[in-house]
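Please keep the viewer open while you read.

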Amino acid sequence: MNPDAALKALAEPNRRAILHLVSADPRSVREIASHLDITPQAVSRHLKVLREAGLVDERREGTRHLFLVRPDGFAAVQDFLADFWTRHLGQLKATMESPAEQAGEPRRKPRHS
């Protein structure tokens with residue numbers, strides 16, 4: 001899974017609302033649209049992005065297309081965030097525990113090249 005596609009999909013508020021709606025029960029495009037202030041066509045476009053990002057699955061019941069959250073679809077996002085926070089919190093901890101910080105000296109800003 002690609003965390004970039006998932007994070008981009010999650011950046012849009014309507015897509016997050018759709019994910020909330022399909023997290024408990026599978027729903028059709030029309031059911032989703034009835035809860036949001038967007039057209040069924042817009043819901044379909046959002047679902048396509050969510051599906052391509054691996055965040056939702058589609059299943060058929062007769063002629064109905066139902067959408068539901070894909071539980072393992074968030075694994076790439078979780079892995080990215082866990083790695084990000086572990087690495088950056090470790091850097092923050094090391095900075096805060098540096099001898100200069102403990103001596104009360106002001107912290108220097110890192111130089112960017």
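1. A word on the source before anything else. This is a predicted model, in which local features need pLDDT of at least 70 and side-chain atom pairs count only at pLDDT 80 or more, while totals for chains, interfaces and linings use all residues. Residues are numbered from 1 along each chain as its sequence is written, and side-chain values use heavy atoms, with hydrogens and water left out.

2. The overall layout. The protein chain has 6 helices and 2 strands, in the order α-α-α-α-β-β-α-α from the N terminus. Helices (H or I, at least four residues) and strands (E, at least two) are DSSP runs, numbered from the N terminus.

3. Surface and interior. Of the 113 residues in the protein chain, 26% are buried; buried means under 20% relative accessible area, exposed over 50% and partly exposed in between (1.4 Å probe, protein chains only). The accessible surface is about 8200 Å², with 53% of it belonging to carbon and sulfur atoms; areas come from the Shrake-Rupley method with a 1.4 Å probe, and for residues only the protein chains shown count as cover.

4. Please look at helix α4, residues 40-52. Following α4 comes Gly 54, with a positive phi near 80°.

5. Which residues of α4 are buried? They are Ala 42, Val 43, His 46, Leu 47 and Leu 50. Seen down the axis of α4, the buried residues fall within an arc of 135°, so they line one face of the helix; the arc is that of the directions from the helix axis to the C-beta atoms. Arg 45 and Glu 52 are exposed on the face turned away from that buried side.

6. The partners of that face. The buried residues of α4 pack against α1 (3-10), α2 (13-24), α3 (29-35), β1 (56-61) and β2 (64-69). Leu 47 counts as buried because its relative accessibility is 0%. Not counting residues up to four places away in sequence, Leu 47 touches Ile 18, Val 29, Ile 32, Val 56 and Phe 67, where contact means heavy atoms within 4.5 Å.

7. Finally, Asp 79, in helix α5 (residues 75-96). Asp 79 counts as exposed, at 53% relative accessibility. Its C-alpha atom is 8.5 Å from that of Pro 3, 76 residues apart along the chain.
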